[in-house]
Amino acid sequence: MSVRSRWLVAGLVVVAAAVIALWPRTREPAASPPAPDLGPARAKAALAACPTAPDGPAALAAARVECLADGSTVDLASVVAGRAVLVNVWATWCGPCKEELPVLAEYTAGAGALPVLGLAVQSDPAGALELLSALHLRFPNLLDRDGAALRALRVPDALPASFVIGSDGTVRFVSEPRLFRSVDEVRETVSRYRGGQS
């Protein structure tokens, strides 16, 4: 075999190897692990159901979220529709959030309190339910699995973050204070962001 023939054979072997290496392979899709049974965690947390109503703020209609009380999927607009509400955005890994959530729970127990709605972000449902249960929080809470609510509300990078949503659908970010430290502070802030309305 001549030198030229040897080089030709070697070249064909290299080309064949490259084709075999790059040829698309049909793979069986990896089986996803079964979803954990959150029934016991939901029962232990004993959260209030997530209220829904039609015609909420249009900017929030595309944000699909999970109600942590029962696992149902709802759009954020329907949960806040037709009433004024204080939405508090938190995460399981956020230390200041863990300080603020009990303050909000205490606020909700007082007369004349605006309804509070928690929105867990960047957190798994089991961890969120565990934290809510440990803090003995009962007000309705949602889980933003895909970041749609974060984008719709335009939540800043730092958490916690709160929003006062009016019954007319206006969404106001609470820039001051960023962290509620007392029930009186929550009351004063809600009143200020609602323009003194009761």
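Student: How many disulfides does a search of the whole structure find?

Tutor: Two. A disulfide here is a pair of cysteine sulfur atoms within 2.5 Å. Before we go on, this is a predicted model, where local features need pLDDT of at least 70, side-chain atom pairs count only at pLDDT 80 or more, and totals for chains, interfaces and linings use all residues. Residues are numbered from 1 along each chain as its sequence is written, and side-chain values use heavy atoms, with hydrogens and water left out.

Student: OK, which cysteine does Cys50 form a disulfide with?

Tutor: With Cys67, and their sulfur atoms are 2.2 Å apart. The link is right-handed, with 90° about the S-S bond.

Student: Are Cys50 and Cys67 buried or exposed?

Tutor: Both are buried. Buried means under 20% relative accessible area, exposed means over 50%, and partly exposed is in between (1.4 Å probe, protein chains only).

Student: And what does Cys94 join to?

Tutor: Cys97, again by a disulfide, with 2.2 Å from S to S. This link is right-handed too, at 85° about the S-S bond, and Cys94 and Cys97 are each buried.

Student: New topic. Which residues touch the most other members of the largest nonpolar core?

Tutor: Val87, Val89 and Leu142, out of 58 residues in that core. Helix α4 (residues 95–108) gives the most to the core, with six residues. A nonpolar core is a set of buried Ala, Val, Leu, Ile, Met, Phe, Trp, Tyr and Cys residues joined through side-chain atoms within 4.5 Å.

Student: What is Val89 in contact with?

Tutor: Leaving aside neighbours within four places in sequence, its contacts include Cys97, Leu119, Leu150 and Phe163. Contact means heavy atoms within 4.5 Å.

Student: Phe163, you say. Which ring does Phe163 pair with?

Tutor: The structure holds one aromatic pair. The rings of Phe163 and Phe173 have centres 5.4 Å apart and planes at 50°, so the pair is tilted. The rule is that rings of Phe, Tyr and Trp (its six-membered ring) pair if their centres lie within 6.5 Å; planes under 30 degrees apart are stacked, over 60 edge-to-face, and the rest tilted. Phe163 is buried at 2% relative accessible area, whereas Phe173 is partly exposed at 30%.

Student: What about charges? How many salt bridges are there?

Tutor: The count comes to five. A salt bridge is a side-chain nitrogen of Lys or Arg within 4 Å of a carboxyl oxygen of Asp or Glu. Glu66 forms one with Arg42, with the closest N and O atoms 3.2 Å apart. Glu66 is in strand β1 and Arg42 in helix α2, so this pair ties together parts 24 residues apart in sequence.

Student: Where's Arg145, the other partner of Glu66?

Tutor: Arg145 lies in the loop between β5 (141–144) and α6 (148–153), so its pair with Glu66 ties together parts 79 residues apart in sequence. Their N to O distance is 2.6 Å. Arg145 is exposed, at 57% relative accessibility, but Glu66 is buried at 7%.

Notes:
Helix = DSSP H or I, 4+ residues; strand = E, 2+ residues; numbered from the N terminus.
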